[in-house]
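Reader: I would like to go through this model term by term. Please set each value against its rule before drawing a conclusion.

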Amino acid sequence: MNRKIAITLPVSWQELTDRQLYYLYNLFLDNLSADQIKTYCFFLWGKIRIECRYDEHDYIVRHDKETFKVSRELIASAIHELDWIVEIPEYPVRISRIRKHAALPADFQGVEFEKYIYCDNLYQGYLSTQKQELLNEMAGILYNAPGIKTNAAEKLSTFYWFASLKELFSRTFPSFLRPTGSMTSENLLEQGAPLGRRLQEAMNAQIRALTKGDITKEREVLSMDTWRALAELDAQAKEYEELKKQYGK
């Protein structure tokens, strides 16, 4: 006789608690396969425990004080409910607190543009060099905690947070931050001038665009809300593209 059980699982990154995020990032760090990661999460988050092996193909498991038999095939099918965990979050997600340090808003609403620029430079530097200390420095900004010491899971959380933030911004401000294209920060990784100089030049170009060359407004620009600053840069980029179409290159 077939039995039905109700198992509740998170359906997106946004539903994960800090504890679940720590668990997931530590699984990522263990170099497991995607199916192994989903299986571990399925059993833990679904509150299912394997009691013993029934035969070559089946297991006896416990859920809510009840035991029942399940097949390997059923488990393999069920873990697909967690396919989303192997993708970069569609919306920014982060561990909300590292010890006593609370995180900035996940979507950077209300966060100063200066902090975004600084983190973006560190993020691009990490993509280029894979130096873990750059993620640690990012965490110091993202958690308002200069000098913070993060563990491997917290560094990975920092990377996923900013990567998903960049994806959100590329969808929201497509004229200025395209996933691929000449006006994106990704082209900073192309061959040419040293990375540090390219990052500095890109940052200066953004500030010049917002101040329109008036250096007395630089402090005002850096303290702008990130969304407001990117919206202005996006509008300028859109105007530029329209002028190119109208008058040619």
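Predicted model: local features only at pLDDT ≥ 70, side-chain atom pairs only at ≥ 80, totals over all residues.

Reader: What makes Arg 99 and Glu 154 a salt bridge?

Author: A salt bridge is a side-chain nitrogen of Lys or Arg within 4 Å of a carboxyl oxygen of Asp or Glu. The closest N and O atoms of Arg 99 and Glu 154 are 3.4 Å apart, and the pair forms a salt bridge. Arg 99 sits in the loop between strand 4 and strand 5 (101-102) and Glu 154 in helix 6 (residues 152-172), 55 residues apart, and the pair links distant parts of the chain. Helices (H or I, at least four residues) and strands (E, at least two) are DSSP runs, numbered from the N terminus.

Reader: How many salt bridges are there?

Author: The structure holds 5 salt bridges. One of them joins the side chains of Asp 83 and Lys 38, at 2.7 Å from N to O. Lys 38 belongs to helix 2 (residues 34-45) and Asp 83 to the loop between helix 3 (72-78) and strand 4 (97-98), so this pair ties together parts that are 45 residues apart in sequence. Asp 83, at 32% relative accessibility, counts as partly exposed, whereas Lys 38, at 6%, counts as buried.

Reader: What is the distance behind the salt bridge of Lys 166 with Asp 120?

Author: The closest N and O atoms of Lys 166 and Asp 120 are 2.9 Å apart. Lys 166 lies in helix 6 and Asp 120 in helix 4 (residues 113-129), so the pair ties together parts that are 46 residues apart in sequence. Both Lys 166 and Asp 120 are buried. Elsewhere, salt bridges that share partners join Asp 35, Lys 38 and Asp 83 into one network.

Reader: How many disulfides does the rule give?

Author: A disulfide is a pair of cysteine sulfur atoms within 2.5 Å. The count by this rule comes to 0 disulfides. Cys 41 counts as buried, at 0% relative accessibility, and Cys 119 counts as buried at 0% as well.

Reader: How do you know that the span of helix 2 is close to the one expected?

Author: The expected span of a helix is 1.5 Å times one less than its number of residues. Helix 2 has 12 residues and reaches 16 Å from its first C-alpha to its last, close to the 16 Å expected. The buried residues of helix 2 include Ile 37, Phe 42 and Trp 45.

Reader: Which residues touch the most other members of the largest nonpolar core?

Author: A nonpolar core is a set of buried Ala, Val, Leu, Ile, Met, Phe, Trp, Tyr and Cys residues joined through side-chain atoms within 4.5 Å. Of the 66 residues in the largest such core, Trp 13, Phe 108 and Phe 169 touch the most other members. Helix 6 gives the most to this core, with 10 residues.

Definitions and conventions. Residues numbered from 1 in each chain as written. Heavy atoms only, no water. Buried < 20%, exposed > 50% of the residue type's maximum accessible area, 1.4 Å probe, protein only.
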